[in-house]
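Good morning, and thank you for making the time. I would ask you to keep the structure in view while I speak.

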Amino acid sequence: MTFVVPAPEGSAADRFGRIIAKALAGVLEIPVQVKNIPGVEGVTGTNAIARADSDGRTLGLGVGSAMVGGKLLSRVAEYNPLDDFDWLAILGTYANAVVINQNQNAKTFAQWLDAARASPRPLRYATVGLATTGHIAGEFLHVAQHANVVHVSMPVTAQAYAALASGEIDMLFDSVPAARIVAKSGPFRIIAVTTLSRDPLLPDVPAFGDSWRDQQFYAWVGVIAPGHLPTDVRSRLAAAVSVVSADPRVVAALRDAGLSWLGLAGNEASQFVRDELVRQSKQIGDYSLQRAEPGSRGTTTSP
């Protein structure tokens, strides 16, 4: 079996996908090969999953940024998030971290936001790609909180951190699982997380919910198969995913990797996706994210 992860090696999504793939190999008693297909905020790999044969030999990680923002804002997304996949599970959610250079004058999120509001020049905030939940969070700060910021799309995380270290950008949104590792070894400070509640991995870091009770911007992942699996194949795979999801060792490993566990299956998983399509589509509209024309960066800037 091939397990497609629509994200680069070493990313938060890649770590989650490898934990699940290894556990599935044990339950199904077959080799499961992880295949990373990054690109276009997860759209490239998600296209590959949708096009694969519905024979049970291909599974993948369903990534929220590709299913909602990528689908709405990318012209190359060829799938319907509900009709073209069998949703075997929603694993959980994870927060974005607001990361700054620790040499900046601002030491807290409140200070940084005040500085962004007062700055005569736009402060540059980066995400890896467009239409991610970090990108939406940044436009929330720009539109609703009147921060003078402009988005910069970076191709890879390493380049984003290098730009932050050099002062080329002023702030970075990165996943909490990745940011907490990088922040330990470089000139960086995590000043907020973008969820309603504080993250268990960063209990001393304020959450958006501390300031805005109705605003949160989180990523999510699930296990998907190409749509319209034969009934017997879907039953076998759903049973295997259910066993994996009930394994406390798997749940603990995913939580240690930064995932807030949900463990939804069947109709609950599909309903979660429906609800997220509505919720994140509204955010994208509220905060004025736009579909990029081919070959352009839309309303963003390129470094």
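α3 (64–73) passes α11 in a right-handed crossing, and a crossing is called right-handed if the near helix is turned clockwise from the far one by less than a right angle, left-handed if anticlockwise. This is a predicted model, in which local features need pLDDT of at least 70 and side-chain atom pairs count only at pLDDT 80 or more, while totals for chains, interfaces and linings use all residues. Residues are numbered from 1 along each chain as its sequence is written, and side-chain values use heavy atoms, with hydrogens and water left out. Helices (H or I, at least four residues) and strands (E, at least two) are DSSP runs, numbered from the N terminus.

Two packed helices are described by the angle between their axes and the distance between the axes. Axes here are lines fitted to C-alpha atoms, for helices over the stretch in contact, and angles run from 0 to 180 degrees between N-to-C directions. For α3 and α11 (residues 266–286), the angle is about 50° and the axes are 10 Å apart. α3 is therefore oblique to α11; angles under 35 degrees count as roughly parallel, over 145 as roughly antiparallel, 65 to 115 as roughly perpendicular and the rest as oblique. On the α3 side the contact, meaning heavy atoms within 4.5 Å, is made by Gly64, Met67, Val68, Gly69, Leu72 and Leu73, and on the α11 side by Glu276, Leu277, Gln280, Ser281 and Ile284. By class, this contact has 6 nonpolar, 4 polar and 1 charged residues. In that scheme Ala, Val, Leu, Ile, Met, Phe, Trp, Tyr, Cys and Pro are nonpolar, Asp, Glu, Lys and Arg are charged, and the others, Gly among them, are polar.

I turn now to α1 and its two partners. The axes of α1 and α10 come within 10 Å and cross at roughly 165°, so the two helices are roughly antiparallel to each other. Their crossing is right-handed. Phe16, Ile19, Ile20 and Ala23 of α1 meet Val250, Ala253 and Leu254 of α10, a contact with 7 nonpolar, no polar and no charged residues.

With α9, the axis of α1 comes within 9 Å and crosses at roughly 115°, again in a right-handed crossing. Here Ile20, Ala23, Leu24, Val27 and Leu28 of α1 meet Arg236, Leu237, Ala240, Val241, Val243 and Val244 of α9. The class count for this contact is 10 nonpolar, no polar and 1 charged residues.

Next, the interior. A nonpolar core is a set of buried Ala, Val, Leu, Ile, Met, Phe, Trp, Tyr and Cys residues joined through side-chain atoms within 4.5 Å. Buried means under 20% relative accessible area, exposed over 50%, and partly exposed in between (1.4 Å probe, protein chains only). Which residues touch the most other members of the largest core? Among its 38 residues, they are Phe3, Ile20 and Leu91. Two or more residues each come from β1 (2–5), α1 (12–28), β3 (58–63), β4 (85–101), β9 (218–226), α9 (231–246) and α10 (248–256). The largest share, 9 residues, is that of α1. Leaving aside residues up to four places away in sequence, Phe3 touches a set including Ile20, Leu24, Val34, Leu59 and Val223. A second, separate core has 27 residues, including Val98, Trp112, Leu113 and Val149.

In helix α2 (residues 43–51), Val43, Gly45, Thr46, Asn47 and Ile49 are the buried residues. Their cover includes β1, β3, α3, β4 and β9.

Two histidines deserve a remark on backbone geometry. Most residues other than glycine have a negative phi, and most peptide bonds are trans. His146, in the loop between α5 (133–143) and β6 (149–154), has a positive phi near 60° and is exposed, at 61% relative accessible area. His228 lies in the loop between β9 and α9, with a positive phi of about 65°; at 66% relative accessibility it too is exposed.

Finally, Arg189 belongs to strand β8 (residues 188–193) and is partly exposed at 26% relative accessibility. Its C-alpha atom is separated by 8.2 Å from that of Lys107, 82 residues apart along the chain. Beyond four places in sequence, the residues Arg189 touches include Val98, Ile100 and Lys107.
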